[in-house]
Amino acid sequence: ITGAARGMGAANAENFAAQGANVCIGDLSIEEAQKIADAINADGNGRAIAIKMDVTKREDNAAAVAATVKAFGSINVGVFNAGLNKPRFFMDIDEDNWDMIMNVNTKAMWLGMQETARQMIAQGPMEDHPYKIINVGSIASRKPLIDVTVYCTSKYGCLALTHCGALGLAEHNITVNGYAPGVVVTPLWEQLDKDLV
């Protein structure tokens, strides 16, 4: 699970573990990721490891997959949750703002999906159910908003990756789905509130 040290990513990790899953907590902050992993391991349902990763780098996505396989034997589900936002009105968008948001929200999802699918394909099909890729999008992929143009664009890209990934990976017994949350009170949203003032 990417971006899993806090917010929705951490909640996803805790939920999977509560059902007995083994989880890799991937995040740029290894300290926060390790706290979530430690809490999961202390709970005793599933097991967890933490890995420091920059989701915009292919080698970090590949390393997270490799660490998961080394710890647990295989990777059967990938959840691509990492995301950020820095609101700007349309005429105030610059290339740094565009690149930062598009790289984390969209490029990173593509890299994670590809590296995870590569491992799933190498493992061969599971007998009882398909592998799962789950993408975290946003309501912003369905409704454009005036002050978050780049974020909306990135999340439309997540929607396209989900649809195209589902088509492209079906032959490998990998299902690709996503969900599009609205307002969720997380550290990201709290910062967004400050930025929009």
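Residues are numbered from 1 along each chain as its sequence is written, and side-chain values use heavy atoms, with hydrogens and water left out. Because the model is predicted, local features need pLDDT of at least 70 and side-chain atom pairs count only at pLDDT 80 or more, while totals for chains, interfaces and linings use all residues.

**Salt bridges**

How many salt bridges does a search of the whole structure find? The search finds three. A salt bridge here is a side-chain nitrogen of Lys or Arg within 4 Å of a carboxyl oxygen of Asp or Glu.

| Glu 115 | Arg 58 | 2.5 Å |

Arg 58, Glu 115 and Arg 118 are linked in a network. Take the bridge between Glu 115 and Arg 58. The pair links distant parts of the chain: Glu 115 is in helix α4 and Arg 58 is in helix α3 (residues 58-72), 57 residues apart. Helices (H or I, at least four residues) and strands (E, at least two) are DSSP runs, numbered from the N terminus. Glu 115 and Arg 118 are three residues apart in helix α4, so about one helical turn separates them.

Which of these residues are buried, and which are partly exposed? Buried means under 20% relative accessible area, exposed over 50%, and partly exposed in between (1.4 Å probe, protein chains only). Glu 115 has 9% relative accessibility, so Glu 115 counts as buried. Arg 118, at 46%, counts as partly exposed. Arg 58 is partly exposed too, at 29%.

Asn 61 lies in helix α3. Asn 61 is buried, with a relative accessible area of 3%. Leaving aside neighbours within four places in sequence, Asn 61 is in contact (heavy atoms within 4.5 Å) with residues including Met 53, Ala 108, Leu 111 and Glu 115.

**Nonpolar cores**

A nonpolar core is a set of buried Ala, Val, Leu, Ile, Met, Phe, Trp, Tyr and Cys residues joined through side-chain atoms within 4.5 Å. The largest core has 16 residues, and Ile 1, Ala 13, Val 23, Ile 25, Ile 36 and Ile 40 touch the most other members. At least two residues each come from α1 (7-18), β1 (23-27), α2 (30-43) and β2 (48-52). Helix α2 gives the most, with four residues. Another core, of 13 residues, lies apart from this one; Met 109, Met 113, Ile 133 and Ile 174 are among its members.

**Helix α5**

Helix α5 holds 21 residues (149-169). The expected span is 1.5 Å times one less than the number of residues. That gives 30 Å, and the end C-alpha atoms are 30 Å apart, which agrees. Its buried residues include Val 150, Tyr 151, Cys 158, Leu 161 and Leu 169. The buried residues of α5 pack against α4 (95-123), β4 (131-136) and β5 (174-179).
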